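Take a look at the model first, then read on.

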Amino acid sequence: MHKTLNSTTPSPVVSLKNVHKSFGTLKVLDGVSFEVDRGEVLVLIGRSGSGKSTALRCIDRFETIDSGEIVVCGHRVSDPKLDLRALRQDVGIVFQSYNLFPHLTIEENITLAPCSVKGMSRTHAKEEARRVLAQVGLEDKLHQYPEQLSGGQQQRAAIARSLAMQPKVMLFDEVTSALDPELTGEVLKVIEALAADGMTMVMVTHEMGFARGIADRVVFMHRGKVHETGLATILTSPATPELAQFVGTGL
Amino acid sequence: MGGSLNANHLMFLGHGALWTIGLSLIGLLGGGIAGFVIALCRISPSLIVRLLSAGYVQLIQGTPLLVIMFLTYFGLPTLGVTVSPLTAAGASLTIYVGAYLGEIWRGSIESVPKPQWEAAEGLALSRSQRMTKVILPQAIRIATPPTVGFMVQIIKNTSLASVVGFVELARSGQIINNSLFEPFLIYTIIAAIYFALCYPISRISRRLERRSGPASLSLGTA
C-alpha cells in the first residue's frame, strides 16, 4: 500500500500533531500527537488532570489550542478561520452529563438538529429519529421528556441524538461516569454495537475492562503528554511504570 | 367647591385607574421589547455591545424614574422636541422598565446551564438557533415568576406620571381632593385601588415561583 486507497477520504479521520495548550500557567497538553483511522476506536485513558478530556474537546473545537495542528475529517480545526458548523456536522459528541434539552421530547431532541441544520423535512427527521432510537433500544420513549427517563436511558438518547446527524466520527467524554454500574452496562452495549458497525470513535473512559474489549488503540496520557500508546494489550502488559500503576489502581 | 364624594368623582377615579392600567401595559410592552434587546446585548459576543448595554443598565438603575420623567417632559422641549404627557410617561417607563427587565432576563438566560449551550453547539446549531430553540425556551420558564413580580413595580411606578401632568389614578385622586378636601378618604380609596390591581399579580407571581422551584431572582425594587 503506497497510496491511499480512497482518494476522496484523506486518512486519518482525526489527527493531532504536536498540540500544546495551557490554561493560564497550567500546561494541560504538552506536545500531544495521535491519529485515528477510519473505523478505528481510540480510547484515551489517564488520571484526572492528565489532559485526556481536554484533548478530546479540542477535536470538536470546544477548546482552542496554543500551537500544533489538528485535522478532523478534512477540517483544519487549528485554523482560526475554521467553519465550525461544518466541523460539527461531521463530529458527534456525547457528554458525561447527557445534556438532553429538558423542554423537548426525545423525538424533538433528536429531530432538532437534522431539521434546522441539515434542512431535513419533518417526516424524514421523524423516521430518522425512530431509526436511531431503535439502534439504542429506546423506540418506545419517542414522546417522553428527558426527566422521565433513567440516567442510562438519557445517555442512550443523547447518543441517538448525535447519530441522527450521521457523524463521521463520534467523541465520547466519560459518558458513563455519572451512571451507576447497572446503568453503565446498557450504555456500553450501545457503544459496542456502534463500534461493531464500523463507527470511528474517540472516547475518554475510566472503564478499563470495557476499554480492553473495545479499543483498537489505547492512548495513555500522563502530565499532558502521550506517555504510552499501543494496542489494547498495553492495558494488560504495560511498558511504562506509570501505566502499570494506573491500570493497577484503575482496575 | 366642597360637596361630597359622588358617582361623578368615582367615575373620574375609574377613568384614572384605566389610564394607570394602560400606562402599565405601555411600560410592560415597551420595556419588554427594550429589555429583550438589552438582555441579548448584555450577553453579546461583542465586548463593545456588552459594555454599552451594561452602562445603560447602570445609568438607568442609578437614576430615579421621577428624574427620567422630568428629563423627557421638561428637558426634551428645550432641545426642540415637544412631547405630550402620555408620550413622556410612556417613553420614561419604557426606558426604566427596559433596564430592569433586561437584567432579570439576562440573569434568566445565563442561568440556563452551560452544558446546554455546548450540547447545542455540538449539534452544529447556529448561535441564533441555539438561542431560539434551546436557551430561550428554558430561560422563559425561569424568567416568568420574577417578570410577573416586576409588573407590580411597574403599576406602582406609573403614579409618578402625575408629575408631568398625566391624569392617571394618583393624579385623578389629587384633582378630586383639590375640590373635596377629604385627603384621608380619597387617598384611602386610591390606595385600595392600587392594592386591588397589584395584589392578584403578586399572588400569581408567588404561585409561579413555587411551581418553578426554589430558583428565583431577587428584584431591584424601585
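## A salt bridge between the chains

Glu118(B) pairs up with Arg57(A) in a salt bridge, and their closest N and O atoms sit 2.6 Å apart. Keep in mind that this is a predicted model. Across the interface of chain B and chain A, the rule turns up two salt bridges.

## The wider interface

Zooming out, 17 residues of chain B are in contact with 21 residues of chain A. Between them, chain B and chain A bury about 1700 Å², with 62% of it on carbon and sulfur atoms. Glu118(B) shows up again here: together with Leu123(B) and Ala124(B), Glu118(B) supplies 34% of the area that chain B buries against chain A, more than any other three residues.

## Chain B overall

## Helix 3 against helix 4

In chain B, helix 3 (residues 65-78) and helix 4 (residues 85-110) have axes that come within 9 Å and cross at roughly 135°. That angle is why helix 3 of chain B counts as oblique to helix 4 of chain B. The crossing of helix 3 of chain B past helix 4 of chain B is right-handed.

On the helix 3 side of chain B, the residues involved are Leu65(B), Ile68(B), Met69(B), Thr72(B) and Tyr73(B); they meet Pro85(B), Ala88(B), Ala89(B), Ser92(B), Leu93(B) and Tyr96(B) in helix 4 of chain B. Sorted by class, this contact of helix 3 with helix 4 in chain B has nine nonpolar, two polar and no charged residues.

## Helix 4 against helix 6

Helix 4 of chain B also packs with helix 6 (residues 127-157) of chain B, at an angle of about 140° and with the axes 8 Å apart. Oblique or roughly antiparallel? Roughly antiparallel would take an angle over 145 degrees, so helix 4 of chain B is oblique to helix 6 of chain B. Helix 4 of chain B passes helix 6 of chain B in a right-handed crossing.

From helix 4 of chain B, the contact residues include Leu93(B), Tyr96(B), Tyr100(B) and Trp105(B), while those in helix 6 of chain B include Met131(B), Leu136(B), Pro146(B) and Phe150(B). By class, the contact of helix 4 with helix 6 in chain B counts 17 nonpolar, three polar and no charged residues. Leu93(B) and Tyr96(B) are listed both in the contact with helix 3 of chain B and in the contact with helix 6 of chain B.

Terms used. Residues numbered from 1 in each chain as written. Chains lettered and ligands numbered in written order. Predicted model: local features only at pLDDT ≥ 70, side-chain atom pairs only at ≥ 80, totals over all residues. Heavy atoms only, no water. Axes fitted to C-alpha atoms, helices over the stretch in contact; angles between N-to-C directions. Helix = DSSP H or I, 4+ residues; strand = E, 2+ residues; numbered from the N terminus. Parallel < 35°, antiparallel > 145°, perpendicular 65-115°, else oblique. Left-handed = near helix turned anticlockwise from the far one by under 90°. Contact = heavy atoms within 4.5 Å. Nonpolar A, V, L, I, M, F, W, Y, C, P; charged D, E, K, R; others polar. Buried area = accessible area lost by both parts, 1.4 Å probe. Salt bridge = Lys/Arg side-chain N within 4 Å of Asp/Glu carboxyl O.
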